[in-house]
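Trainee: I would like to go through the helix packing and the pocket with you. Can we take them in turn?

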Amino acid sequence: MNKLLLLFSLVALGLHAEVKVLKNFTLIDGTGRAPVAHAAMIIDNGKISWVGTTANLKAPSGAQVIDLTGRYVMPGLINLHGHLGAVIGLKQDASYETPENVEKNLKTYASYGVTTVQSMGTDKPFVLEMRDKQRASGRPGETRIYSAGQGFVFKGGYGGLAGVTPEVATPGEVAPLVDKLANEKVDIVKFWMDSELGKKPKMPHSIGKAIIDAAHQHGLPVACHIFYLEDAQAMTDDGVNGLAHSVRDQPVNQALIDSMKKHGTWQMAETLTREAAIFTYVKTPPFIGDPFFTRGLSPETVATLKTPAFHQQMMKAVPEYEQFHQFLKTAQENLKRLADAGVKYGMGTDSGPPTRFPGWAEHWELELMVQAGLTPMQVIVASTKSGAEFLKAKDLGTLEKSKWADLMVMQKNPLDDIRNTRTVEAVYIAGNRVK
Ligand SMILES: [Zn+2]
């Protein structure tokens with residue numbers, strides 16, 4: 001297509017109502033209801049205006065009809081814990097965080113069927129401007145951004161992105177910084193409370209409480225990075241809205257479950273792939289030959305992942321890497337226990353930082369959630385409807401009338417094997433095909 005024609009088509013797309021019809025697929029709508037065979041859907045200007053069976057379909061004249069015989073359709077994935085744009089290849093640096101690199105990340109997420117990502121606390125202010133532009137456009141053609149702006153790190157402590165995230169030493173420093181975030185209209189507030197296995201000073205509970213209180217005064221939800229049960233308990237008791245990781249030092253107990261249910265606290269993200277990544281990349285990963293893995297990576301990155309020098313570097317970065325097998329197991333058992341107890345949970349990976357590859361991480365997370373004992377249907381609902389519920393995004397998360405048509409088309413049924421989400425062959429965001 002020449003440039004003029006392309007420009008003309010883009011203008012036409014924007015100005016005129018555009019109707020698409022999808023038909024003859026099996027619908028997994030994200031609500032948890034049983035799948036519907038021979039389903040059909042009408043998408044009007046990016047939103048679902050009708051959904052039913054192909055037998056009952058009345059396709060509007062002039063609509064573009066897409067026959068999806070033999071295919072499976074589910075909502076796009078919502079990743080409640082990502083980090084946008086600060087990595088090139090296998091290196092992270094604040095200077096890499098540019099609009100171009102964030103766009104590149106968003107495209108990668110979209111190509112894998114991750115249609116919404118909540119970026120958790122390492123964003124420069126321009127990311128919020130990008131988010132605002134998306135929302136003002138009404139109909140983005142790229143993965144939707146939710147952002148915590150700049151999260152809070154304890155002085156000299158663990159977490160954040162040097163040069164972007166502020167350090168605080170006392171509860172008194174918190175309120176003006178939260179005011180600033182509220183001004184930027186962040187979607188959520190984030191803080192890190194961790195000691196990196198005892199190597200760094202941990203944020204005191206009093207600072208965590210000050211952040212929660214200040215954010216709540218602005219009506220903003222708060223999520224905290226935790227590792228230890230005692231911190232999850234204290235922050236839940238103080239009203240935190242989401243745990244950004246699993247408790248990994250020991251099994252969750254009834255006191256935490258009771259407090260999470262009482263306060264409506266979510267296991268917002270379990271980030272199982274984060275644990276797995278630590279020990280998986282100290283050698284050549286078993287999935288190095290999987291085109292679904294490598295297609296999101298540059299050839300240089302794929303080559304580096306095979307080198308002993310890189311494996312050594314990974315071991316040095318986290319000398320305790322062997323312990324992460326146990327942390328992963330504990331996280332999985334805790335997820336199952338919380339889910340069985342009726343605590344709400346979404347899906348989140350902590351993808352973005354080196355070796356936590358956007359897109360691949362989310363599909364891997366689904367697999368690890370099923371391995372933890374959840375059914376494929378529970379995992380799909382967590383990654384779609386529940387994610388939207390946590391974000392209070394009323395028109396996202398399920399494929400029902402009046403929702404945005406954010407969806408993935410797959411060749412195989414993910415309810416048979418959750419790894420079948422990797423047969424994704426087309427992705428739509430607001431009815432725009434992005435892959
Ligand atoms: Zn994170």
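Mentor: Start with helix α8 (residues 272–280) and helix α12 (residues 324–341), whose axes come within 8 Å and cross at roughly 165 degrees. This is a predicted model: local features need pLDDT of at least 70, side-chain atom pairs count only at pLDDT 80 or more, and totals for chains, interfaces and linings use all residues. Residues are numbered from 1 along each chain as its sequence is written, and side-chain values use heavy atoms, with hydrogens and water left out.

Trainee: Is α8 roughly parallel or roughly antiparallel to α12?

Mentor: Axes are lines fitted to C-alpha atoms, for helices over the stretch in contact, and angles run from 0 to 180 degrees between N-to-C directions. Under 35 degrees counts as roughly parallel, over 145 as roughly antiparallel, 65 to 115 as roughly perpendicular and the rest as oblique. The axes cross at roughly 165 degrees. That makes the pair roughly antiparallel.

Trainee: Which residues of α12 does α8 meet?

Mentor: Contact means heavy atoms within 4.5 Å. From α8 come L272, E275, A276, I278 and F279; their partners in α12 are F324, H325, F327, L328, A331, Q332 and L335.

Trainee: How many residues of the contact of α8 with α12 are charged?

Mentor: Asp, Glu, Lys and Arg count as charged; Ala, Val, Leu, Ile, Met, Phe, Trp, Tyr, Cys and Pro as nonpolar; the others, Gly among them, as polar. The contact of α8 with α12 has nine nonpolar residues and two polar, and the charged count is one.

Trainee: How do α7 and α12 pack, roughly perpendicular or oblique?

Mentor: Helix α7 (residues 254–263) packs on α12 with the axes 11 Å apart and an angle of about 50 degrees. So α7 is, relative to α12, oblique.

Trainee: Which residues of α12 meet α7?

Mentor: α7 brings Q254, I257, M260 and K261. By class, this contact of α7 with α12 holds four nonpolar, one polar and two charged residues. On the α12 side are R337, L338 and A341.

Trainee: Which element gives the largest share of the lining of the largest pocket?

Mentor: The largest pocket is lined by 38 residues. β8 (91–92), β13 (189–192), α8, α11 (308–317) and α12 each supply at least two. The largest share, four residues, comes from α11.

Trainee: How many lining residues of the largest pocket are charged?

Mentor: Y158, R274, V318, P353 and R356 lie nearest the pocket's centre. The lining divides into 17 nonpolar and 10 polar residues, with the charged ones numbering 11.

Terms used. 1 Å grid on protein atoms, 1.4 Å probe; cavity = no way out; pocket = protein on both sides within 12 Å on 5 of 7 lines; lining within 4 Å.
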